[in-house]
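Here is a short tour of the model, taken one topic at a time. Keep the sequence and the 3D view open as you read.

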There are 2 protein chains.
Amino acid sequence: MLRDFAMADKPNKDEIQAELAIEREKLVQHQIKVKEAGLPVMVIFEGWGSSGKGSVIGRVIKNIDPRFFRVHSMASPTPEEQRYPFLHRYLKQIPEAGKFGFFDRFWMEETISQHLSGSLTKSEYRRRMRSITTTERSLTDNGYLVMKFFLHISRQTQRKRLDQLLADKESNWRVDNDDLRENENYHEYLDAYGRYLTNTNSPNAPWYIVDATNRKWTELQVLQFLNQGIETALANHALAHPILQNIFALKRMPRLADIELEGKQIEPEEYSERLRALHEELGKLQFEIYRHRIPVIIAYEGWDAAGKGGNIKRITSALDCRGYVVHPIASPEPHEKARHYLWRFWTRLPKNGHAAVFDRTWYGRVLVERLEGFCSENDWQRAYNEINEFERELHDWGAVVIKFWVQIDNQTQLQRFTDRQNNPEKQWKITEEDWRNREKWDAYTRAVDEMIRKTSTVHAPWHILESNDKRYARIKALQILVDALREALENKTDSGNAK
Amino acid sequence: MLRDFAMADKPNKDEIQAELAIEREKLVQHQIKVKEAGLPVMVIFEGWGSSGKGSVIGRVIKNIDPRFFRVHSMASPTPEEQRYPFLHRYLKQIPEAGKFGFFDRFWMEETISQHLSGSLTKSEYRRRMRSITTTERSLTDNGYLVMKFFLHISRQTQRKRLDQLLADKESNWRVDNDDLRENENYHEYLDAYGRYLTNTNSPNAPWYIVDATNRKWTELQVLQFLNQGIETALANHALAHPILQNIFALKRMPRLADIELEGKQIEPEEYSERLRALHEELGKLQFEIYRHRIPVIIAYEGWDAAGKGGNIKRITSALDCRGYVVHPIASPEPHEKARHYLWRFWTRLPKNGHAAVFDRTWYGRVLVERLEGFCSENDWQRAYNEINEFERELHDWGAVVIKFWVQIDNQTQLQRFTDRQNNPEKQWKITEEDWRNREKWDAYTRAVDEMIRKTSTVHAPWHILESNDKRYARIKALQILVDALREALENKTDSGNAK
């Protein structure tokens, strides 16, 4: 793709100047429409060292009110950032609805440099391509405009610019070894960049290769593409997107109605004994998990009053309090609602070696948001696949991902609601909303059945916790967790990855 | 303080057990009241290595619903964290109203270890003490309960525990050189700890020294103090706090009514010329600022339609876009409102070498929040001093802090409002609220006069930008900024701190 790119015939100076005036004014107008439409716009600049990425960003943003954009300069990941998935530090920075995010380098740069330095195996590189393309698609499907520019210059041009920078004491610190290496091995990089562009080029987030030999000409090309992109996106806003085939290997799961709750109980004495034994084992496993830098993600969904809180507590009370966080998930705050629905979960991931427990989760998309109409049907229909992709990222990162559905029957819920209502110490746990949700039991049942069926992937299956007897559910949860951690540690040790 | 501490007579096992049951149940009850009262609770544990800080936190939180607390383990600052003020990484983590934050070590540990290693000068250490005490006071004055525990053990006990850990292959990694050094130089540390405790002990955030020779006994002492603290705080909620004397050296400033706006104008031609020259200089200065790692904070307040936006743009358009961020400040989001009012500014500070421009600021406390009754009179009366302290922290950190009040007269505002209303492209800039605020012109004038008078400290004075002629205001702002940066660079070079 890059080798085929012919530097287009550049217009002459006056033509460029005239066109620039038009395009700049267009962008001034567009920013208001972007804001009004609540369109989030990501403008990503990749390209050769000293191709002028910073400079073109500086020129483009001159046309935009500072309240409507942020510029992000993505350096190499810090040791802290390396303890999160590759995508994490990028997704953290995605703009809010109605705003622009400009990125001076993005995930391309990190991927290529690791690829060429040999720190990514071929299969890891292929996995990266998949992570990037699926994530870009998930962004655009969820209303993001993603504009990707590659600033292209010839080897000679780059050499000349580097020499100029190096010759001046005021600027020579701006040239680093990576720039020089890139110029030295220009053709190797050209091939790698070209392959990457081809692999990540798609109609929803296409690449724009920009002839960057001249500043104003660069700016003009970028503005033209950007303005076109915004116009198209504004015309398409609230477009429905194809529901992709859910190609994940799925586990066969029962429907809620077929889950046997009767007889799933444990007597207090046996309970205490097993609880103690599991706690002891879990405590030991946590240290191993910490030492092997394995991230753990535990997701809870379930009926109101099913006993999620108590269940979570039986897990966390066995853990060193410095190694886990519980995230209670309520309705999103404005700054969360203004971004991709998975953003608030991406930003809540634990670092490796730590655990995060989610008390309600990203599955809100296909449960409450679906049933209350907080998102469109197209949105929640797409979400099964988006969520499976998200969880595959977690799995590929090396995380233990455990999803619990805490199940009770309708009658048990009524009993517990009434108990809470009548107990002054528990009244805070029950609200009008709980009663209203209860009326939608059947609709929720259908949504849960569909969710469990479509998202019980082999890498992150659902586990049903029969919780008419809370003791039974707690022991079962602990046992599943202990088994999963043990398995993860065995795999880690087998593969010799232990640090 | 620490040398005088006599390990209290420990109750016997049964007594401890009985008391523990009572105190645990109390905490279970308290968590709901804390939540209902919206009380934010910080529980800070400092103390000797292997005194059991993590263990006691683990025991205490067993009584609290995971939704109501977070545990923070404060390790040494990372290189990234070192690019922010000392207080920054701690204040980032303060809990929301109604929640507990448990801290395994806090700002004491970092301060003492830097103090003893000699990396803090005496005057820097004294300044730390001041930062810590004023910040703790600002937290408690703004409704935080701050409980500080020091876990105390004897040299022999510590030695025994370290030896036990070292003897076991499973646990020896948990002992590091700092622990061993501490035990070796126990008395030196004892003195340093003792002095620190004395210096930072105050009625609003007192120290509790805990005899930590026995786990359950430790837990019991902590629970007793914590429960007492919560009870007192609940009884005192919404208490008014003393308005401290504003002891900062202040610059004499004019009242708004005395600011001459007439004749403060610049003709277009001169404007273009000066703008170009200032932009060029500012661009150069930014690189020096970046290389010398000086943080820059530019704060804008002013009347609606005074021209803040355009003024900001004339500054940022001269800057490399990767080196600054503009923060538009609207009303706080729920998670911001639930914390100390300065939290959303602490978390938006630039790292050193970078600039942050605030389009409206922390002065909202004494302007809109005062006038709309969003905080109590006691709250905004205290805020002048709290803000001066906050800005002194920024100044001591090495930041250039520039505060602009953008001034226009009542008639000019009316003219601009009407223009906006009549211009379809500018209508988005004007809202009903703007018209409502305009009716409160006189009340705002009084509030602004008081604000400028009380917060024009020598280290962070206000600058008035006469903006009936926007060109005049822009040139003045640029000149003030350029002068301030130049001065900061000269000081930096003089003091030989340049990196």
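How many bridges pair β1(A) with strand β4 of chain A, and in which sense, parallel or antiparallel? β1(A) and β4(A) (residues 145–152) pair in the parallel sense over seven bridges.

## Ground rules

We're looking at a predicted model, where local features need pLDDT of at least 70, side-chain atom pairs count only at pLDDT 80 or more, and totals for chains, interfaces and linings use all residues. Residues are numbered from 1 along each chain as its sequence is written, while chains are lettered from A and ligands numbered from 1 in the order in which they are written.

Helices (H or I, at least four residues) and strands (E, at least two) are DSSP runs, numbered from the N terminus. Two strands pair if DSSP finds at least two bridges between them.

## Strand β1 of chain A

Back to that pairing: in β4(A), G47(A) has L151(A) as its bridge partner. β1(A) also runs parallel to strand β3 (residues 100–104) of chain A, with five bridges joining the two. There, I44(A) finds its bridge partner in F103(A).

So how well is this strand covered? Seven of the seven residues of β1(A) (41–47) are buried, so the strand is largely enclosed by the rest of the structure. Buried here takes 20 or more other C-beta atoms within 10 Å of a residue's own, exposed takes 12 or fewer, and partly exposed is in between, with C-beta atoms placed from the backbone. In a regular strand, side chains alternate between the two faces of the sheet. On one side of β1(A) sit V41(A), V43(A), F45(A) and G47(A), on the other M42(A), I44(A) and E46(A), and all of these are buried.

## A positive phi at Ser50

S50(A) lies in the loop between β1 and α2 (53–61) of chain A. Its phi is near 55 degrees, a positive value in a residue other than glycine. S50(A) counts as buried, with 24 C-beta neighbours inside 10 Å.

Over in chain B, S50(B) sits in the loop between β1 (41–47) and α2. S50(B) isn't a glycine either, yet has a positive phi of about 60 degrees. This residue is buried too, with 24 other C-beta atoms within 10 Å.

## The parallel sheet and its edges

In chain B, five strands make an open sheet with parallel pairing, in the order β7-β8-β6-β9-β10. β7(B) and β10(B) (462–466) stand at the edges with a single partner strand each, so one side of each has no neighbour in the sheet. From one strand to the next, the twist averages 20 degrees. Strand β9 (residues 400–407) of chain B runs parallel to β10(B), and five bridges join them. W405(B) has I464(B) as its bridge partner in β10(B).

For a look at β9 in chain A, pick I402(A), which is in that strand (residues 400–407). I402(A) is buried, with 23 other C-beta atoms within 10 Å. Leaving aside neighbours within four places in sequence, I402(A) is in contact (C-beta atoms, placed from the backbone, within 7 Å) with I298(A), A299(A), H463(A), I480(A), L481(A) and A484(A). The C-alpha atoms of I402(A) and A460(A) are separated by 6.4 Å, with the two residues 58 apart along the chain.

## Helices α1 and α9 of chain B

Helix α1 (residues 13–37) of chain B packs against helix α9 (residues 215–236) of chain B at an angle of about 35 degrees, with axes 9 Å apart. Those axes are lines fitted to C-alpha atoms, for helices over the stretch in contact, and angles run from 0 to 180 degrees between N-to-C directions. Among the residues that meet are I16(B), L20(B) and L27(B) from α1(B), and W217(B), L220(B) and L223(B) from α9(B). By class, the contact has 11 nonpolar, three polar and seven charged residues. Nonpolar covers Ala, Val, Leu, Ile, Met, Phe, Trp, Tyr, Cys and Pro, charged covers Asp, Glu, Lys and Arg, and the others, Gly among them, are polar.

## Where the two chains meet

Which element of chain B gives the most to the side that touches chain A? 31 residues of chain B are in contact with 31 residues of chain A, and α11(B) gives the most to that side of chain B, with four residues. The side has 12 nonpolar, eight polar and 11 charged residues.

A rotation of 180 degrees, with 0.0 Å of shift along its axis, superposes chain B on chain A (RMSD 0.0 Å). The two copies are thus related as by a two-fold rotation axis. The superposition is by least squares on the C-alpha atoms of residues with pLDDT of at least 70 in both copies. E333(B) comes closest to the axis of the residues of chain B, at 3.7 Å (C-alpha). The same surface serves both copies, as 100% of the contact residues of chain B recur in chain A.

Terms used:
Contact = placed C-beta atoms within 7 Å.
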